[in-house]
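User: I'm new to protein structures and would like to learn how to read one. Could you take me through this one step by step?

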Amino acid sequence: MRSKLLPALAGVALLAGCAEPVATTHGASKAEPALNLHARNFGLATPSDVRTLVVVLHGDGSPETRSDHYRFAESVTENIPGSAAVALLRPGYGDAAGNRSPGQAGLGFGDDYTQQHIDAVAQSLGILRRRFPAARLILVGDSGGAAIAADIAGIRPDLLDAMVLVGCPCALPEWRKGMEKQRHGAAWATPVASLDPLKTAGGVMPSMRAAVLVGLDDKITPPSLSRAYAEALALRGIATDLRIVPGRGHDLLNDPEVLAATTRLATALPTKG
C-alpha cells in the first residue's frame, strides 16, 4: 500500500543482491578523533572515493530480537555504486559478537531517545561527515533507531542529506499509550525524557529527502505513527516517500522495499562538490 497523500520518489524496482562485500575498517587519521560509538564498516575503504555514505542505526532490544543492521549495511554497498556503509551500535547497546558502545541503554519503554543519546549519535555522524567529505549522507534508522534518526534530522539537520525511517515510533506519546494497552505494562505510562519526533519535525530542512516505511501488519509501531510523521514532513514541503508494505510486520529492515527506497534516495540526491 502506498500513500497517495505524499509525493513519492521516482522508481520502484526492487534490486537483487550482488556478491558479498568485504567489511573494512576506516582508521581515523591523527588529525581526526575516533568514533565515540562502536562501528562496523562496509564497502569502499578509501573515504575520498565514497559518493554515498549510509549510516545505519538498529532498533531497541537485544541482538536476537532486533533486525540485523549489519546485514542491511552489507546489502547497501552491494547495490549502490560508490558507496560505503557504517552500522553503529547505539549508546549502551551490544551485538552478538560481544562488541558494545559506551553509555547506558534504556529500559525498553520508549525511554531511550533522550538528548544525551541523540547527542552521542550526532557526534559520530559529525566525525563521519568530515571523514567522507565528498559523500552524501543517508541516515537509516530501524524502530527506536528511526526515532533517533528523526530527532537528529530535526535538531541537527546539517549532519545528513536524507533519512530512511523503518517502523518508526515517530508519534511518541501515542506509541507509548498503545504499548501500555497492548502489553498491560505500567512502565509505559511512566514519564520519559525521550524527544518526540513529531515535535522536532519543525527543524527538518526543506531540502531534506525522506523515505518512511512500515509493515501493514506491524503491531509494535502501527502504520498510523509513520503516516502522521510523514504527513508532518510533507506539510513542510519535504519530499517524503511513505510506503506501507503489505504482509509485513515490525521486522522490516531487511525487506527489499527498504533497500529499494535507500537506493532511490542515493540516486535522487545531488552530487556534492
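User: Leaving aside its neighbours within four places in sequence, which residues is Asp151 in contact with?

Analyst: Before the answer, some ground rules: this is a predicted model, where local features need pLDDT of at least 70 and side-chain atom pairs count only at pLDDT 80 or more, while totals for chains, interfaces and linings use all residues. Residues are numbered from 1 along each chain as its sequence is written, and side-chain values use heavy atoms, with hydrogens and water left out. Contact means heavy atoms within 4.5 Å. With neighbours within four places left aside, Asp151 touches Tyr113, Ile118, Leu195, Asp196, Pro197 and Thr200.

User: Is Asp151 buried or exposed?

Analyst: Buried means under 20% relative accessible area, exposed means over 50%, and partly exposed is in between (1.4 Å probe, protein chains only). Asp151 has 0% relative accessibility, so it counts as buried. Asp151 sits in helix H3; helices (H or I, at least four residues) and strands (E, at least two) are DSSP runs, numbered from the N terminus.

User: How do I read a nonpolar core, and which residues have the most contacts inside the largest one?

Analyst: Think of a set of buried Ala, Val, Leu, Ile, Met, Phe, Trp, Tyr and Cys residues joined through side-chain atoms within 4.5 Å. Here the largest such core has 49 residues, and Leu53, Leu139, Ile152, Leu160, Leu165 and Tyr229 have the most contacts inside it. Helix H3 (residues 144-155) gives this core its largest share, seven residues. There's also a second, separate core of 27 residues, with Phe72, Leu89, Val245 and Leu269 among them.

User: What about helix H1: how many of its residues are buried?

Analyst: Nine of the 11 residues in H1 are buried, so the helix is mostly covered. Among the buried ones are His69, Tyr70, Phe72 and Glu74. The buried residues of H1 pack against strand E2 (39-43), E3, E4, strand E5 (136-142) and helix H7 (256-268).

User: Next, salt bridges. How many are there?

Analyst: The general idea first: side chains of opposite charge can pair when their charged atoms come close. The rule asks for a side-chain nitrogen of Lys or Arg within 4 Å of a carboxyl oxygen of Asp or Glu. By that rule, the count is seven. In one of them, the side chains of Arg90 and Asp60 meet at 2.8 Å, N to O. Arg90 is in the loop between strand E4 (83-88) and helix H2 (115-131), and Asp60 is in the loop between strand E3 (52-57) and helix H1 (69-79), so the pair ties together parts 30 residues apart in sequence. Asp60, Arg90 and Asp112 are linked in a network of salt bridges.

User: Are Arg243 and Asp241 buried or exposed?

Analyst: Both are buried, and their side chains form a salt bridge (2.7 Å, N to O). Another salt bridge joins Arg248 and Asp255 at 2.4 Å, N to O. There, Arg248 is partly exposed at 26% relative accessible area, whereas Asp255 is buried at 10%.

User: Last one: which residues lie nearest the centre of the largest pocket?

Analyst: On a 1 Å grid over the protein atoms alone, a pocket is an open set of points where a 1.4 Å probe fits, with protein on both sides within 12 Å along at least five of seven lines; lining residues have an atom within 4 Å of a point. Nearest the centre of the largest pocket are Asp60, Gly61, Ser143, Ile220 and His250, out of 21 lining residues. Helix H4 (residues 172-183) gives the most to that lining, with three residues.
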